[in-house]
There are 2 protein chains.
Amino acid sequence: MFGARCLLRALRSCSSAPCPRQRPAARVSVRGALGVQSANGERVKVQGWIRSIRSQKEVLFLHVNDGSSLESLQVVADSSFDSRELAFGSSVEVQGQLVKSPSKKQNVELKAEKIEVVGSCDAKAFPFKYKERHPLEYLRQYPHLRCRTNVLGSVLRVRSEATAAIHSFFKDSGFVHIHTPVITSNDCEGAGELFQVEPSSKIKVPEENFFNIPVFLTVSGQLHLEVMSGAFTQVFTFGPTFRAENSQSRRHLAEFYMVEAEISFLESLQDLMQVMESLFKTTAMTVLSNCPKDVELCHKFLAPGQKKDRLEHMLKNNFLIISYTEAVEILKQASQNFTFTPEWGADLHTEHEKYLVKHCGDIPVFVINYPLVLKPFYMRDNEDGPQHTVAAVDLLVPGVGELFGGSLREERYHLLEQRLARLGLTEAYQWYLDLRRFGSVPHGGFGMGFERYLQCILGIDNIKDVIPFPRFTHSCLL
Amino acid sequence: MFGARCLLRALRSCSSAPCPRQRPAARVSVRGALGVQSANGERVKVQGWIRSIRSQKEVLFLHVNDGSSLESLQVVADSSFDSRELAFGSSVEVQGQLVKSPSKKQNVELKAEKIEVVGSCDAKAFPFKYKERHPLEYLRQYPHLRCRTNVLGSVLRVRSEATAAIHSFFKDSGFVHIHTPVITSNDCEGAGELFQVEPSSKIKVPEENFFNIPVFLTVSGQLHLEVMSGAFTQVFTFGPTFRAENSQSRRHLAEFYMVEAEISFLESLQDLMQVMESLFKTTAMTVLSNCPKDVELCHKFLAPGQKKDRLEHMLKNNFLIISYTEAVEILKQASQNFTFTPEWGADLHTEHEKYLVKHCGDIPVFVINYPLVLKPFYMRDNEDGPQHTVAAVDLLVPGVGELFGGSLREERYHLLEQRLARLGLTEAYQWYLDLRRFGSVPHGGFGMGFERYLQCILGIDNIKDVIPFPRFTHSCLL
């Protein structure tokens, strides 16, 4: 059961002692088998799916993959093992001896003593064909099978590694992990396009609303994290968030994952940006170190050469910082014609973000200090003028545009109260004001779109290809 | 910013070299400060909230807590520092020297050179009073503040540690982490009480349904995990799940977290139970080792003595295994009168689960092989008789009852097809049948209720006290 560790221990004890022929073969993962440094005839059992099969004179070559790595294990068998059921997509259990491979393509191969077809594969009906490379759009039609292809396998292994790396990053830095709620009666941004939640019509509840009040799917865990940063100083969450946006864009989903952090006693955007940059780089380096082949496949498959250089370029340079006001000046001086004319006080659009990143030599760039009128009530007033700004920060990256958004939060009771009053929100946010009445502290935080992060480091064009089961307008398969 | 590690490094370099008086004090967390083994006058800065204040002759004692640990740091100051604002709940920044404490209660204390009140606390309005122990029911009314109490602080730190331990357990065992979707068009159990999701009424979408079909909040990631186990062999998910149950029980929430795993090439309940037991014990031991004081507080605060013994008892014994049929026999022979008469073919109720655990000497017990008629279509048929069962397993634990549920899945195409046809579900689950057409493998998996797990190891009676923001009928605060 317990994969590589126990089994390699079993292998080791087997190879150091005389190994009786009858000893049951130790089960080992493909990754475990490929990791054996000097194979010497250890008897093992490997289980997985056939990725390729080739008959050559008296010898049969199979490649067996179990998803533990991109690489498959080469199985070499006598042609007497050949059978109709031993085909692309079938599941097999192979017992045999791990030996050094004569080929340069792999270190190790498995000399089969026994091959059992566990489940055959109906090749005619199977939507993926042997040796064919199917476009990502085609694979999307088969959400229950596409994870069996090389490219989706690599993307989802990277996703899993990145998830673990993000948890480690925060744990190592002393953050407490918080599960912020999915169902909420808040609307954090005041402007998000929300999904509403109600018990399905079949259920009888005495009151009209299950929760007595209208409730929605969360658009951000920020306000709940602010609660927690008032107790634990440094907190983070990593969970699903939702937007009912009617969008078919390559950068939007109705359900996506956000990594959010909130830090008490933090007084400058500079300190906040340091955490953001560190999260970006530490996670990418862990992924590169733990699954280099998977990253390489994405870079090769999707845009040969260029994307890998882009990632290295981002990792080795310090991210840049410009103010919103500088950004608008840069855009105004651009020779390019924009659909939306750049102007102080107007939002930056995707075309602007892309231009700014290019202008910065494809290095990620922080844009700071946005106009107060553009941003939500909780962002800290810079009390400047005449161009009135708040201490907000967005990180723009190549290929994707906005990846992080963050700010210092308004911790001053009276300033916050005034802004809430102007919006008619004082009553609804009394609890939020409370956080400033009882031991308020300067603090700030950010959110990072996890799928966009994966798009950015892997160079994947469409967000639907970096999440196991994408949900977007008109589509909720399975 | 980066807590203990960097700062302790700074401290170390400071204590080994002559330390000029002007050198800026290194910021250190309370946990970091308390962890300094032989304090020797290192200059540090600590930020947090005042948990207690005591004036004694010429000396002022403060206890400052920043949520990095249950213990607070004792600050010793000249009484000239005293001020009205220096009160319970205020946030402060203290600079001074870390010295060995003369008291036996702590190793280290902070001799204050400078104390700054960052944010005062309106004591009259603050719902928690100095030196008072408030009941958990009372704290629940203040979801935005209760995390600042000792007991909720400890519970949520344990929750964070347990989350990390679960991720590590699976990663170390070679599992791939999968984000299964929250919004789904499936109804896994066929019987769950579902929440339906729709765009809020303010949004205009051309079609009647945003997703074209009715969609719901997930009740389990199992079916999606089965898809993934067909590519990665061993997979897990850890995310929110939902039930629109009209229940005020101490064991149910409308939104709760589940840890689910799915394992391919797994052929026996025995192997599955081994993973379940190992997950339970490894996680508990990691928590006990990383935050013993937090666990101790829960055990002491909530049921002195008894609960800690119960946890140790569970950890040192092998979990027991009985069949459903044996369980019914045990219940029938019980001297106790049950509200629901135990009978073969009927569900086990909470009263039965509690009796069985007690009968087993308060050791967790696996109940296996339930009647086919009680269980969903995907569980593997044992093809026995006349009492027809499936390869299902529940783990019952002291105090909580059912903690895990799992099964082998029906991997045989024709058996599964027949059961789906009988339920009229063949069309809806064509994709699920596909998994058995293309390289099917024997497999199994389980789900564990994360809140119930925390209740079990901490001895906490009400599930609402182990989640940051509980959602249940008639209640969705914040």
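Q: How many cavities of 30 Å³ or more does the structure hold?
A: There are 12 of them. Keep in mind that this is a predicted model.

Q: What makes a space in here a cavity and not a pocket?
A: It comes down to escape: in a cavity a 1.4 Å probe fits but cannot get out, whereas a pocket is an open set. The largest cavity has a volume of about 320 Å³.

Q: Which residues lie nearest the centre of the largest cavity?
A: Out of 35 lining residues, those are Phe238(A), Pro240(A), Phe238(B), Gly239(B) and Pro240(B).

Q: Why is the pairing of Lys171(B) and Glu161(A) called a salt bridge?
A: Their side chains meet at 3.0 Å, N to O. The cut-off is 4 Å between a side-chain nitrogen of Lys or Arg and a carboxyl oxygen of Asp or Glu, so this pair passes. Across the interface of chain A and chain B, the rule finds four salt bridges.

Q: What else do you find between chain A and chain B?
A: Quite a list! There are 41 residue pairs in polar contact, both residues at pLDDT 80 or more. The contact takes 115 residues from chain A and 116 from chain B. About 9400 Å² is buried between the two chains, with carbon and sulfur atoms giving 64% of that area.

Q: Which residues of domain 1 of chain A lose the most area to domain 2 of chain A?
A: Arg51(A), Leu70(A) and Glu71(A), together 70% of what that side buries. The area buried between the two domains is about 610 Å², and carbon and sulfur atoms give 42% of it.

Q: What holds for salt bridges and polar contacts between these domains?
A: The salt bridge count is zero, but three residue pairs are in polar contact, both at pLDDT 80 or more.

Definitions and conventions. Residues are numbered from 1 along each chain as its sequence is written. Chains are lettered from A and ligands numbered from 1 in the order in which they are written. Side-chain values use heavy atoms; hydrogens and water are left out. Buried area is the accessible area (1.4 Å probe) that two parts lose on being put together, summed over both. A polar contact is a pair of N or O atoms within 3.5 Å; within protein, one must be able to donate a hydrogen and the other to accept it, and residues adjacent in sequence count only if both atoms are side-chain atoms. On a 1 Å grid over the protein atoms alone, a cavity is a set of points where a 1.4 Å probe fits but cannot get out, and a pocket is an open set with protein on both sides within 12 Å along at least five of seven lines; lining residues have an atom within 4 Å of a point. Grid points are joined across faces, edges and corners, and a volume is the space filled by probe spheres set on the points. Contact means heavy atoms within 4.5 Å.
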